[in-house]
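The sequence and structure come next.

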Amino acid sequence: MLNTLRKIVQEVNAAKDLKAALGIIVQRVKESMGSQVCSVYLLDPESNRFVLMATEGLNKRSIGKVSMAPNEGLVGLVGSREEPLNLEDAASHPRYRYFAETGEERYASFLGAPIIHHRRVMGVLVVQQKERRQFDEGEEAFLVTMSAQLAGVIAHAEATGSIRGLGKQGKGIQEAKFVGVAGSPGAAVGSAVVMLPPADLDVVPDKSVDDIDAEMELFGKALEWVREDMQELSAKLAKQLRKEERALFDVYLMMLEDAALGGEVRAIIKTGQWAQGALRQVVNAHVARFELMDDAYLRERASDVRDLGRRLLAYLQEERKQQLTYPDNTILVAEELSPAMLGEVPAGKLVGLVSVQGSGNSHVAILARAMGIPTVMGAVDLPYSKVDGIAMIVDGYHGEVFTNPSAELCKQYRAVVEEERQLVKGLDALRGLPCETLDGHRVPLWVNTGLLADVTRAQERGAEGVGLYRTEVPFMINERFPSEKEQMQNYRGQLAAFHPLPVTMRTLDIGGDKALPYFPIKEENPFLGWRGIRITLDHPEIFLVQVRAMLKASEGLNNLRILLPMISGLQELEESLHLIHRAWGEVRDEGVDIPMPPVGVMIEIPAAVYQVRELARQVDFLSVGSNDLTQYLLAVDRNNPRVADLYDFLHPAVLHALKLVVDGAHAEGKPVSICGEMAGDPAAAVILMAMGFDSLSMNATNLPKVKWLLRQLSLSKAQELLAQLLRMDSPQVIHSSLHLALRNLGLGRVINPAATIQA
Ligand code: PEP
Ligand code: MG
């Protein structure tokens, strides 16, 4: 059964559009179950009816014509109850409804399974049989499994269908909306530029071109370069390979000839297809043919063709990258955005980001927030490889992407962009003012930094210090571990830029979703694995070098604070403190005169919440990492778009944990800050202040909004609100009560400028 399932899903995945996909489904399911009928009904959201979309066995002329409401017929029953239905004699069921045009009166038994994707009923899969008999358990299980597997494929095909025709740059195609996760607030109206993973033929889309000669020339160049590579490689390996092994290179060279692959690709380019698309078609056809061969030697040739295809594609992509000019309002779209990609687009041209993978608390989303670029993460149904060059809107407040938006929607979003611009401009005046409530309570607002550009932005926004410098960011954009001297120069830059304000430097926090290209870690559960302090305690040489660099960098400035990430208990803290003291002793022996800097611990693992007083006794300050604390308290991977709905820092459990931390720290007489993304959410900042956090550290983009909001309130009002929220047990009610209270106070403008758009 598993094999059959896998084969069908593979075939359906490769279908060119939704219609073809549904055709394959009904045909293959009917064959493998040996039934006389298999049909798919899809729920049309506009009419709210299940429409017959494909059938094998019923009258094909009824496709698209027969439909039923959720309260009609057996199909409606399966869809509305969201449960399979297995009937020996369908006609005797009270909900049976007869459609003469289908010719279904001949079939007695009925088995239907709902097709559900992310809790949404998409349709119903039905098999029918002439003889009166109940389908057995195995058949029922097969259909249910089939429909669960097909739900995602159908959702994807549907989404692709809604923006089909993109080869012609999507002209005349309808607007479509794709829901993801809010990554970085703000809206953008622009054109999509897709970054495809290098040399992956499977994701290359079809695209028509006007200048066929230019495509031919480009392909000719790629062929030439691959030929040269092959000859060079063959010459280099001449001594190590036997003659017959070297013959493989001749085979490769032959495949590139006009009589083979080369000619076939050219023939397709002539029809107006771009070179990359033509290459994908030819290579995939050959690979499929080779893979079906019985002869093992010939089957192996599939990998040779694929390898050649990849080499050609790499050159075609490289050339295109050289020629690529980014349009003025570039919206960068990728399957998985990486920090490096953000740097590829020239400054001033990047207005929005869309990632198919990842979630609102992935580190790339945190960087996007720091840079103030509206971002949608986890747009899992967006057929990203097909949207290059089309008009697009990114709504980073709600986590929505619109392809081919209407003129009206563009107008509405342009107004939001303008409103946001005006708001930010208006907040400039706050720069030199303290963050002080109406009743005189001061809360220092600090920034989180990592990139060099953050320093200028932070200063422009009036930050009062750095609450979190993510030292791993410079490590991530390097090609090897930076030396002590390189690190020292880097840290000195940060400390000097903010002097005399405090700069909190966190020791290396890699692992999880933060990988170093030169120190790969492969794990099943990276967020529960080798991360943060666990790595650096296992590698004291890395830790000691980093701490020494920090200490030396602070000579004469003395505004350094050291912060330890991912501490789960006292032993880790004591070992870390021991190493820091050792490093301090060493640098002092080398003649560097610096006092011991304050050392703090991050509270981001639930265990640390319950040991907060013991931990606080050993250090000078605490800082809550609410990103990880939320992830670990709620057991929701911060990177996984499937569970992004469950990730909520206003969950009552998180609020109560935060309260415990603040009270615990203060009971030991130690200050406590918060440096997770929650602190930069203006509404959340109100309750964090009310809880008693001594400072809030956030991205520079949001700092003025937080300052504006806190200056409009009194501490006593905020405390009243917090007391009410802490009595509530539902995250949704907490959200709406908090937002409503702020709106009622006339403070809604910094919460969500796009709230009024009804798309
Ligand atoms: C946190 O976990 O809240 C935090 C600030 O650290 P990071 O996001 O870098 O894991
Ligand atoms: Mg963290």
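## Surface and charge

The protein exposes about 33400 Å², of which carbon and sulfur atoms supply 51%; accessible areas here come from the Shrake-Rupley method with a 1.4 Å probe, and for residues only the protein chains shown count as cover. The model is predicted, so that local features need pLDDT of at least 70 and side-chain atom pairs count only at pLDDT 80 or more, while totals for chains, interfaces and linings use all residues. Residues are numbered from 1 along each chain as its sequence is written, chains are lettered from A and ligands numbered from 1 in the order in which they are written, and side-chain values use heavy atoms, with hydrogens and water left out.

There are 80 positive and 97 negative side chains, and the centres of the two sets lie 3 Å apart. Lys and Arg count as positive and Asp and Glu as negative, without His and the chain ends, each charge being placed at NZ of Lys, CZ of Arg, CG of Asp or CD of Glu.

## Overall fold

The protein contains 26 helices and 22 strands, which are DSSP runs numbered from the N terminus (helices H or I, at least four residues; strands E, at least two). Along its principal axes the C-alpha trace spans about 85 × 80 × 50 Å. Among contacts (heavy atoms within 4.5 Å) between residues at least 6 apart in sequence, 66% join residues at least 24 apart.

## Buried interior

Buried residues (under 20% relative accessible area, with exposed over 50% and partly exposed in between; 1.4 Å probe, protein chains only) make up 53% of the 759 residues.

Leaving aside neighbours within four places in sequence, L696 is in contact with V443, P444, L445, W446, I674, A679, A685, L688 and L710.

## Backbone details in loops

The peptide bond from H499 to P500 is cis, with omega near 10 degrees, and P500 sits in the loop between helix 15 (484–498) and strand 17 (503–506).

Two residues other than glycine have positive phi: N48, at about 55 degrees, and H118, near 45 degrees. N48 belongs to the loop between strand 1 (37–44) and strand 2 (49–56) and is partly exposed, with a relative accessible area of 40%. H118 lies in the loop between strand 5 (109–117) and strand 6 (120–129), and is likewise partly exposed, at 47%.
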